[in-house]
There are 2 protein chains.
Amino acid sequence: MHGLTQHDIWALLLSLGILLTFARVLGEFAQRFGQPAVLGEILAGVLLGPTLLGTVLPEVHAFLFPLEGPRGAVMEGLSSLAITLFLLVVGMEVNLSTVWRQGKTVLYVGFGGMLVPFVLSFAAAWWLPGLLGSGESDATLLVFALFFATAMTISAVPIISKTLMDLGLYRTDLGMIVIAGGIFNDLAGWILFAVILGMTGVQSGLGLAVGHTIGLTLGFVVFMLTIGRRIVHAVFPWVQAHFTWPGGVLGLVLALSLLSAAFTEAIGVHAALGAFLMGVIIGDSSHLRAHTRKVLSDFISFLFVPLFFAMIGLHINFLANFNLVLVLAVFIVACIGKLLGAGIGARAGGMTRRQSWAVGFAMNARGPIEVILATLALDNGIIGEQMFEALVLMAVATSVMPGPIMRHLLERKRPLKATDFLSAKTFVPSLQAGSRLEAIQELAAAAADVAGLSPAALEAAVWRREQVMATSIGDGVAVPHARIDGVDRPVVAVGISPKGLDFDAPDGNPVHLVFMIATPAQDNGAQLEILADIAHTCMRPAFVERATALAGYIEFLALLRTSDGEASR
Amino acid sequence: MHGLTQHDIWALLLSLGILLTFARVLGEFAQRFGQPAVLGEILAGVLLGPTLLGTVLPEVHAFLFPLEGPRGAVMEGLSSLAITLFLLVVGMEVNLSTVWRQGKTVLYVGFGGMLVPFVLSFAAAWWLPGLLGSGESDATLLVFALFFATAMTISAVPIISKTLMDLGLYRTDLGMIVIAGGIFNDLAGWILFAVILGMTGVQSGLGLAVGHTIGLTLGFVVFMLTIGRRIVHAVFPWVQAHFTWPGGVLGLVLALSLLSAAFTEAIGVHAALGAFLMGVIIGDSSHLRAHTRKVLSDFISFLFVPLFFAMIGLHINFLANFNLVLVLAVFIVACIGKLLGAGIGARAGGMTRRQSWAVGFAMNARGPIEVILATLALDNGIIGEQMFEALVLMAVATSVMPGPIMRHLLERKRPLKATDFLSAKTFVPSLQAGSRLEAIQELAAAAADVAGLSPAALEAAVWRREQVMATSIGDGVAVPHARIDGVDRPVVAVGISPKGLDFDAPDGNPVHLVFMIATPAQDNGAQLEILADIAHTCMRPAFVERATALAGYIEFLALLRTSDGEASR
């Protein structure tokens, strides 16, 4: 209670509140436009950081996000804690058996993604020192070139994971190859950096000699994946059997991750590695309950992670000290090296051309790890401010690229949902209908405009289908539907019948919730996907009672979109 | 990335890991001995703080938990964040309708709990200044006496809530009366403290005049419970309808709480009040999903809260500067005032004698709020170090007392569970039996020792009951049971039958999981409670398949104790 004044505390809470609001809202916007949330989260930091807010309203920026002093330290501490916790979640999602199965491809991608960028950028720094601004730095050309090569070699596992998760690719084969390859490059990068720091006489962490750092790191990885894994897997059920639930196991997971992260940070590699390895071990245990996983990943992913990514942009003015030539040179060397190296590795490992490009772009993301590395190098006089800026800009640019590019390359499409096609216009909060036909008439009237048909045509098509076979799916829900010529995109209308309708239901129950679905005649998939989504969402205990008790469209939409969580009641 | 070195970061992660481990483990121990977890959590801080670790191994303590410097600031920042988040959860659990229903009693308890301690302790400080060590302080006797009276008036809502939650009393009428009364005392206390700071010329928060602090606080409370409540309740479904689930609503809840906490801290009352009020509003919304509530409360209760309570003891040496007379005087004045005031209020409000004592002891807890208040007073020269120490010791002592005392007064008993009476001895991992009778024989043989009967007597009693009516409850579970003379306490034995047994089950399924329950002949409740627990735990999809696939007793116990979380799969 000595370093922070009351003033510091309220300013801290205020700045965290504002940062979280911006990060979450811009993250949602990014997703709305088909981009990964991380793009919006980084942008939040850029807007609130020196680049925009600091330039337009410098006093407000200095007040909210001071670099120095106790509040600066608190933000840094939170940032370290956030990346540690995030890497725990990232590790927990790793599927070790996929990694083993894809072993060969992982090796190719990992080595390719390391060797090509390293050699290429070492050569560039060695032969074109003027272009790459080695004159700025106090270090010898050898040290500078080694550092530059290392900086180009590193991959940002947190960014890559977040992008893969945002795209729903994380637990796929491609996702696991990229993650495993990224870890490999990261590990190599940190060890190389420890070597470089050793050459400049700087000590990191516990101040170990370089050889010890390397030995301890490799030893720790091996220990964790063998003996450590066995110990954790044995302790897990014991804690669940003897401690309170779920407090015991949550405490265990977090404490182990913090200690493991402290160890790797202490021996001179990054805390993220320790947390990640512990996450892998924990996620691999058959004793981990879904509830534990969910609590950790929801809280950390939606609170710590946005804060962390927003903090990246918070202390950097992307417009000051801007050296266009250097920025472009660094960016080009970075991209060529990784895209070629990892891409060729992936191709050699048997992936398709599109997949290989996707792997290359994913591994190309440098993100926060590069920023941390660049900061350490700047502090130790290995690089100057312009190079620092160029590295940071490259890190942000390469982190933002994979999202849209991978989405395009892999043609990611998510299954259609009813909520994609529902609107306030096509929502009938209280059906007057007393029969199936009347309900379909009311919904057809509501949906005709959106469908671009006359109410009569829409009604006729749906009613024809309904007469073939009644469309109640039980639990008080019915889904009259038709594929219709002249409908361009799916239309979903919903009506709630307070009194209930006879839909000839298999379970004999009256129907209170009627979804009418009209889809284009040629599109077989759309109808099925929407029907499956409705069945998955609505066929839960008490869903229909809740729906009939609601006040309006927004509340109904909220119920549909959050019904996943209700199973846990 | 400027204030914290790599060394700071690994030391920070290490100290958090150690603190969390100690807090959780000692919290579990406290619960094992029937005490609230918070007792163990505070004890963890005392052990790791200057009192023990700092005395025995001062270098280790100074390294792990430095008071000053950037890491000290990070710990303080985390502590502020933790109490803010905890009060959010505490607020979310408030049941407003109970508070309104108990309005009269709440008023009596709140006023009694404020007036009696205030008058009593002001008189004590005024007439016995020597005894209460006003000589230590630079302030006038009036200011000193006013502060002392305020410090005695305050209640620690976080501690009270935690203790009530640990005892399972939080959402009861008594719990809500205590919480509402506590909030009332807290609010009055903070406003009084703002007045006192104004008298000494010190400004807090935004540096508002005292009148403004009071006005803004009351205005904010009224605003939040009326217009603020409406706004939040309208925004909630909108965010759930339009943002990703559950990230949108989690971000919303946290951001709102941080901003509300920042506001109350800024106007000169504590951040905890703002977070609490926002929690009350959010918890009161019918749109809050169970999943959101669970993620927030599990993560915060088991990670931030233990850290927070452990941090209380971390910077105080309870043995140094110890003035026994002062400590006793402060403790006695504190207890008499609150016990009388709140107790009489509760009695006047119509509660029983035992309940009134329980209310008195609960309101008597001073906890972290007192520590924060005492720190501010020490920093501003209103009190000296011995008084500071006496207040802190009183805060800890009064926080530890309510748990055991309330448990005793209210004769809290939780329903019996099967796991209370199960042991490795009475667990048969693989039943050889081919019939009901053989299964009962095997389990009787395993349980006879523990039950203190001969296997034959046990078997006979259970078989007699079984013949009256088969005891399969469906889903592959059977519960043969009997009440038997000569059994002192319930005995539960479990057998797993890989091949399945014919138990004449209502659903016709073979039984794989046999719980045999023997209870004392006179005890009607025990049998029913254990049966209900088994039905609740085991009658879930896939439970029996999971149980039959397990390796041993510990894993089976873990499965039983964590099965609550599995519904959310």
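**A helix in its setting**

A: The model is predicted. In chain A, the domain assignment gives domain 1 as residues 6–410 and domain 2 as residues 418–566. Taken over C-alpha atoms, the centres of domain 1 of chain A and domain 2 of chain A are separated by 45 Å.

Just after α20(B) comes G452(B), with a positive phi of about 75 degrees.

The buried residues of α20(B) are R436(B), A439(B), I440(B), E442(B), L443(B), A444(B), A446(B), A447(B), A448(B) and A451(B). As a general point on such lists, an α-helix has 3.6 residues a turn, so residues three or four places apart point the same way. Two charged side chains are in the buried set, R436(B) and E442(B). The cover over the buried residues of α20(B) includes the helix α21 (455–468) of chain B. It also includes the strands β1 (427–428), β5 (491–501) and β6 (511–520) of chain B.

Two of these covering strands, β5 and β6 of chain B, have a loop between them, and D504(B) is in that loop. Phi of D504(B) is near 55 degrees, a positive value in a residue other than glycine.

In chain A, D504(A) is found in the loop between β5 (491–501) and β6 (511–520). Its phi is positive too, near 55 degrees, and again the residue is not glycine. With 14 C-beta neighbours inside 10 Å, D504(A) is classed as partly exposed.

Next comes the contact of the two chains, which takes 76 residues from chain B and 77 residues from chain A. On the side of chain B that touches chain A, at least two residues each are supplied by α1 (6–32), α5 (69–92), α11 (210–242), α12 (247–266), α14 (290–312), α24 (553–561) and α25 (563–566) of chain B. The largest share of that side, 14 residues, comes from α1(B). By residue class, the side of chain B that touches chain A divides into 38 nonpolar, 25 polar and 13 charged residues.

Terms used:
Residues are numbered from 1 along each chain as its sequence is written. Chains are lettered from A and ligands numbered from 1 in the order in which they are written. This is a predicted model: local features need pLDDT of at least 70, side-chain atom pairs count only at pLDDT 80 or more; totals for chains, interfaces and linings use all residues. Domain bounds come from an automatic or database domain assignment. A residue is buried if 20 or more other C-beta atoms lie within 10 Å of its own, exposed if 12 or fewer, and partly exposed in between; C-beta atoms are placed from the backbone. Helices (H or I, at least four residues) and strands (E, at least two) are DSSP runs, numbered from the N terminus. Two residues are in contact if their C-beta atoms, placed from the backbone, lie within 7 Å.
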